Amino acid sequence: MIKEYSSILDVSGPLLLVEGVAGAKYEELVEIYTDAGEKKRGRVLEVDQDKALVQIFEGSSGIDVQNCRVRFLGRTLHIGVSDDMLGRVFDGLGRPKDGGPDVIPEALLDINGAPINPTARDYPNEFIQTGISSIDGINTLVRGQKLPVFSGSGLPHNRVAAQIVRQSRVIGREEQFAVVFGAMGITFEEANFFIQDFTRSGALERVVLFLNLADDPAIERVSTPRVAFTVAEYLAFEKGLHILVVLSDMTNYAEALREISAARKEIPGRRGYPGYLYTDLASVYERSGRIKEKKGSITLIPILTMPEDDKTHPIPDLTGYITEGQIILSRSLYRKKVSPPVDVQQSLSRLKDKGIGKGKTREDHADLFNQLIACYARGKEAAELSVILGEAALSDLDKIYLKFAQQYEEHYISQGENENRTIEETLDLGWKLLRMVPRSEMKRVRDAYLEKYYDKE
Amino acid sequence: MRKGEITKVSGPLVVARGMRGSKMYDVVRVSEERLVGEIIGLSSDMASIQVYEDTSGIGPGEIVYMTDQPLFVELGPGLIESIYDGIQRPLDIIRDQTGDNISRGVEIPALERDKKWHFKPVVKKGDAVKSGDLIGEVKETVLVTHSIMVPHGVEGTVSAIKEGEFLVTDTVCEIKSDKKVTSLTMMQIWPVRQPRPYRERLAPSFMLSTGQRVVDMFFPIAKGGTACCPGPFGTGKTVIQHQLAKWAEAEIIVYIGCGERGNEMTDVLMEFPELKDPRSGEPLMKRTVLIANTSNMPVAAREASVYTGITIAEYFRDMGYSVAVMADSTSRWAEAMREISGRLEEMPGEEGYPAYLSAKVSSFYERAGRVKAVGTPEREGALSVIGAVSPPGGDLSDPVVQATLRVVKVFWSLEDRLAYQRHFPAISWLNSYSLYIDDIAEHVNKDIAKDFTDISKEAMKLLEQEAELQEIVRLIGVDALSPEDRLILEGARSIREDFLHQNAFHEIDTYASLTKQYNMLSICLRYYHQAQEALARGVAFSDIVGMEVREKIARMKYQPESDMEKITSLNDEIDTAFKTLMSSGIQQEQAGEDADVREGIDTESEKQARSAT
């Protein structure tokens, strides 16, 4: 039985306190009708006897204490899912935004999902070719991985993400990824960039977009990634599609969470973010992965802008503790016009070891990338030294390394936005660059591979 | 069954009234969904309950069922090779029953009820037994013989005992005392928050070898000791925990995945049945119990998971086994406490953590130790605890790190600086410490080599000297150093690269026995000593650094344990190489050396050394 109440006791920020409520449930979905006839939605954050604390997704403007009516719907927030959602645009709570008809749901699912049983997980180990050398060669992405892009304001993270989405495929199987895109608090221009890019590459009919833009209600953002994942889970594990979930920007998501926490007067953790930020982020990120005996998979690429490029800020920090590595964009590389400006030293893919090698990429991949990283690190050190002491003070070998590092940035890391390199091209390019360095320096490569690849030319 | 009524729901915290008569830490069942919860606060007839499952859809007015029992674990045959969630529900069976996602209110017994075990008595009718005494044995896996002990509080004469195939719930033995006859099964229960008793606590004096060179040689942990490894993300905390779970010289491993990644548990589940224990040659899974409460599973169960794990470990300790518990990560456990404390509106201590954080952390680690178990025959067991800590931003002033450091005796400091250089394990040799070195010295020196601790101390001194010299190098350049000092840099570099650096993913390098470690380090030092002597006799520094034998030293780590003589034979090779060098090298020195070569090599070694500090 659905009941309506007009007994609002208190409104503060995005929160509403209703009293005299019978039988309200935790996480229950709520509809609020304002005097002007507007309908807002919310969910119950806490019930204490007959008082219910409601979080309003659309914000509390237009709500007054006397005339508003609150209706408790007796169910948690569910979303109707269907594979017809591909190619459509929705708002942050999953309502159509493209003027199209409502989706006829094939299933009604709770947006909070249920945790995957660890024994049901299958280990991600299928190589995804993104066509970007700095990712494929050094920080390899695999199917079912969660690999965030750590960026800063003004860095081209959207272009990098769009390129990954456009070019990603699994070698040998030409099936493309379907994309679930969740936008949280990004600007119209940024969202438009993605839509244009999907349209241009003809990918739009494989994309489900959930848009909560900068001027949309901030509190709604807390649900956007969950809605996106609910659809992704349905498409991946029920319909057998390989899904790439792109969430942008997680920083805005965390800020919305902080806003609610502050309104509830909770004891803040670091930088005012709630103490449960880790758990909350994990409940989003951990929904990606692979499940045994299921055809589909969910690969997650969340994008977040690090305030002041600070990696120890709570959002990137906690994200790094949950995700399986990170792609860090570097401002200094960006200034050098290296595109995509991936900081290969600080970036890391924890799952690469299981996704590369014979039968996946190529036998020499592991040795090659170790050697490349080692040489690049040495070259960067030489560069630092030459800043202090001048290039003349470098030994001949260091001069070679310095040159190597420059070439490596210019040719290996940097590539065109539309350049889609196969893994062979990436690996061969690595060897081509390594040939600048004397063979005796190849300490991390097995002799057999040196003979086969280094000596090839 | 007595019932209460819910009045408040706030995330994992539920408040109920009508709960008079229940006790702290009693387990309750919340709502008709029968979610598992535990009472963590009482005030008149109101009880605060932390619920171990998702509470959405629960509201005031629903019923709370009291069980009048504390949270307990089932102990008996069937524990090994299991994977449990935070409150000891078997995840593999949950999956068979409810599918790939974990649903709520599942009630499955921890120990398989329809599996038969062969019970072999070790006492006979008429024997007098008391708590903790062994009454029989079950061969649980090839590696583990499960001792069936008389539960605590039971005493009397054996009136019946039989050998045969039994279920864990079948009566295998009857014990008669003055008042009554107690039927014993192979299973007993124990409340998780209460440490299991022991007869006597012993000082830790044996090393728990881990096969990890930096750990065993420089910062060893004792059997029955405690260690922690804090570090920022990406420094390999989990890899170290996995390595220890794989190679530590313990008979039983309890691995607690507390609030960490789901795929990491999958990795363990897939890898452990494949990997062989270096001592027995049997799959590692045959000695492992897994507790998995991943980050997206309910937060309150995370709080319980470490207690569940350590209670199981204590049970095996009481059988006389050496048990190691890995808890990854204790920060997530502390965060769960913080979340519950915040919801209880308790006055917070540092960073929002509850004021009792440090008390909880220390009482957890204090459950480790080497003990004499209760009962006969006399048994000596050890329980070692290794906790990972994930401080925000790698900041060691974090309250969880500080609370942990106050109790643990071994500190492995993981540093991102080393991780960026791909120096793994990224354990800093300057900041880490172990307080067990003197306790275990006697036994290692007797069992492995009499100068085991001596070479360890010498190598550490070299590394410390290197750090001091680096300060000078940074200010005025390597040219200002004397050749002797440069040799120190070289010697330290060799220890860092040829000894400390260990590749966890290399099939041979992943594990090194103590003998191999000893041999490797003594080779590194032998080279250094010989070099010192050669230098004193006037051999050019560049010739010493450029010796070919160094490549063989660098490859020692990839020699399998079975080819130990390939490492030990290096002793002679070094001697010979230096002899040749000294006879020819001195002449070369007089003939004048190739300055360019020398300069090139010097800068190279200097820079590598610098990059490591």
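1. The contact between the two chains (heavy atoms within 4.5 Å) takes 66 residues from chain B and 63 residues from chain A. Please keep in mind that this is a predicted model, where local features need pLDDT of at least 70, side-chain atom pairs count only at pLDDT 80 or more, and totals for chains, interfaces and linings use all residues. Residues are numbered from 1 along each chain as its sequence is written, chains are lettered from A in the order in which they are written, and side-chain values use heavy atoms, without hydrogens and water.

2. Together, chain B and chain A bury about 5700 Å², with 51% of that coming from carbon and sulfur atoms; buried area is the accessible area (1.4 Å probe) lost on putting two parts together, summed over both. On the chain B side, B:Phe233, B:Arg261 and B:Asn263 supply 14% of the area buried against chain A, more than any other three residues.

3. Now for the charges: five salt bridges cross the interface, each a side-chain nitrogen of Lys or Arg within 4 Å of a carboxyl oxygen of Asp or Glu. One of them links B:Asp267 to A:Lys354, with the closest N and O atoms 3.0 Å apart.

4. The largest share, seven residues, comes from H4(B).

5. Strand S5 (residues 39-48) of chain A runs antiparallel to S1(B), joined by two bridges. In this pairing (at least two DSSP bridges), A:Val47 stands opposite B:Val9.

Methods. Helices (H or I, at least four residues) and strands (E, at least two) are DSSP runs, numbered from the N terminus.
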